[in-house]
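Biologist: Let us go through this structure together. I will ask what each label rests on.

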Amino acid sequence: MSSERNRRIAKNTGLLYLRSLLTMAVSLYTSRIVLNTLGVEDFGIYNVVGGFVTLFGFLNSSMASGTQRFLSFEIGQKDFTQLAKVFSMCVNIHFIIALVILILAETIGLWAVNTQLTLPTERMEATLWVYQFSILAFLVNVVSVPYNAAIIAHERMNVFAWVSIIDVGLKLLIVFMLQWFGFDKLKLYAVLMFSIALIIRIIYGIYCRRNFPESRFRFFWDKPLFKTLMGFAAWNLWGNVAFAMYSQGINILLNIFFGPAVNAARGIAYQVQGSVNGFVHNFQMAMNPQITKSFAANDLQYMHQLIFQGAKYSFYLLFLLSLPILLETEIILELWLNTVPDYTIIFTQLVIVNILIESISGPLMTAAQASGKIKLYQSIVGGLLISILPISYVFLKQGYPPEVTIYINIIVSVIALIFRLIIVSHLVRLSVTGYLVKVVLRVFSVTIFSIIPPLLMHTILLPGFQRLLVVGIYSTISALLVIYVVGFKNNERIFIKNKLTYLLKLKTGKI
């Protein structure tokens, strides 16, 4: 049974990996063209204003993870009657959340954009267009959550792969449309991004209605179920407020202290982060439903196995992509962008270091959600995350450069990882020692041994495209060898060896 579940995870990971490759390629290309088309200032305006809208997402995010958890849990218990009730209640709640976000965005949010952000006066009209269409796109995404969660809970990852082709194709079309029309390009970009969000929402809705009986929404209200869902969401709310405050709050702080040019640099850095981190996110997306379903079925042994392997493999996938980027950030950015805003290089390097640390926390977060007992977890971890904002303000007020905000983020991420491990060990009877030995020690060893050969090449060779190629090759070979020898256990090495042997025989026609 576990081998079948592992094969499903592997298949879904492969599909989502292809999705990430396509998304990353188009995203990096379109970001470059959009930056050059809009200019640094308008690109920075879009990032800070669009990011400001997502600040209200703490309401949605608090319920989104709960929706995913409860749908997966009911599927794990094979209670399909309750599954339909949970879905309908989640749709009701997300429409309520959308209404609340709309009210907040058009009152407090609009006031803040007009009075608190540092924006060019002559671009205020375009800024308000960006703000309003960013709100609309965000609301569309809010009401889409139950449908996306249903697809993930049923592990239909091929749907995400196909819809992603449509999504990136439309975003590629936007790049050309910006150059075809003489309309204000910042306004046009905001309108077109909203249009894509609406199209993707319609596609997911149609698919769910045709394939999942529980997703055929019928008005249904169950007060006890509402209290259960909202009770779970209430504690998630604190964690998501913390995330929204420290991520978008930092963006606003940087705007206040340094202006939109630094927001553009941060936007590019997080574009790289999002593209690279997408691979790990997709792997964990394929694995997370099985963690929740295993807990629902009381199969804790398999659940622990998934947590250890998920954390370790997440780091390896991310490290393989990140190592050459960390060593050759400047050359990569110069080749990718015609204009590299100040601070982009250091921002990019630091956010990648941070997501490497966060990558091994992902399965712990899912395990805490699966347990349903998240009060202590969200209180402590949320408190740590939100502390990033006031600490950053103090340092920026003292005259420190903008990258200090990410250094603070990295330190807090390490502390949060420690608390996550301690709390989750009690929630699902996970061995702390096992996690430290099987995950932390192995990924630390892989990092130290892998970085030596490409770092030597980086030091010896002169900067340029040739060094980028050499460092990239050395990074890949070094990381793969060290991961195989040091990062995997013996049974994992045997499994990989057998799979490679089978594929080789299949290719040569020997089987």
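Modeller: The expected span of a helix is 1.5 Å times one less than its number of residues. Keep in mind that this is a predicted model.

Biologist: How do you know that the length of α16 agrees with that rule?

Modeller: α16 has 24 residues, so it should span 34 Å. Its end C-alpha atoms are 34 Å apart, which agrees.

Biologist: What comes just after α16?

Modeller: R429, with a positive phi of about 55°. R429 is not a glycine. It is found in the loop between α16 and α17.

Biologist: Why is R429 called exposed?

Modeller: Exposed means over 50% relative accessible area. R429 has 62% relative accessibility, so it counts as exposed.

Biologist: Which other residue has a positive phi although it is not a glycine?

Modeller: N298 is one, at about 60°. N298 is found in the loop between α9 (260-296) and α10.

Biologist: Is N298 buried or exposed, and why?

Modeller: Its relative accessibility is 59%. The cut-off for exposed is over 50%, so N298 counts as exposed.

Biologist: Now the helix α13. What makes you call it largely enclosed?

Modeller: α13 covers residues 362-371, and nine of its 10 residues are buried, so it is largely enclosed by the rest of the structure. Among the buried ones are G362, L364, T366 and Q369. P363 is also in α13.

Biologist: Why is P363 called buried?

Modeller: Buried means under 20% relative accessible area. P363 has 0%, so the label holds. P363 and N288 are 75 residues apart in sequence, with their C-alpha atoms 7.3 Å apart in space.

Biologist: What lies on either side of α13?

Modeller: G372 follows α13 and has a positive phi, near 80°. S361 sits in the loop between α12 and α13.

Biologist: Why does S361 count as buried?

Modeller: Its relative accessibility is 0%. Buried needs a value under 20%, so S361 counts as buried. S361 and L417 are 56 residues apart in sequence, yet 6.2 Å apart in space, C-alpha to C-alpha.

Biologist: On to the rings. How many aromatic pairs are there?

Modeller: The structure holds 12 aromatic pairs. One of them is formed by F133 and F194.

Biologist: Why is the pair of F133 and F194 called tilted?

Modeller: Two checks. Ring centres must lie within 6.5 Å, and planes under 30 degrees apart count as stacked, over 60 as edge-to-face and the rest as tilted. F133 and F194 are 5.9 Å centre to centre, with 55° between the planes. So the pair is tilted.

Biologist: What makes this a link between distant parts of the chain?

Modeller: F133 is in helix α5 (residues 124-153) and F194 is in helix α7 (residues 185-211), 61 residues apart. F194 is buried, with a relative accessible area of 18%.

Biologist: Why is the pair of Y313 and F488 called edge-to-face?

Modeller: The ring centres are 5.9 Å apart and the planes stand at 85°, so the pair is edge-to-face. Y313 is in helix α10 (residues 300-327), and F488 is in the loop between α18 and α19, 175 residues apart.

Notes
Residues are numbered from 1 along each chain as its sequence is written. This is a predicted model: local features need pLDDT of at least 70, side-chain atom pairs count only at pLDDT 80 or more; totals for chains, interfaces and linings use all residues. Side-chain values use heavy atoms; hydrogens and water are left out. Rings of Phe, Tyr and Trp (its six-membered ring) pair if their centres lie within 6.5 Å; planes under 30 degrees apart count as stacked, over 60 as edge-to-face and the rest as tilted. Helices (H or I, at least four residues) and strands (E, at least two) are DSSP runs, numbered from the N terminus. Buried means under 20% relative accessible area, exposed over 50%, partly exposed in between (1.4 Å probe, protein chains only).
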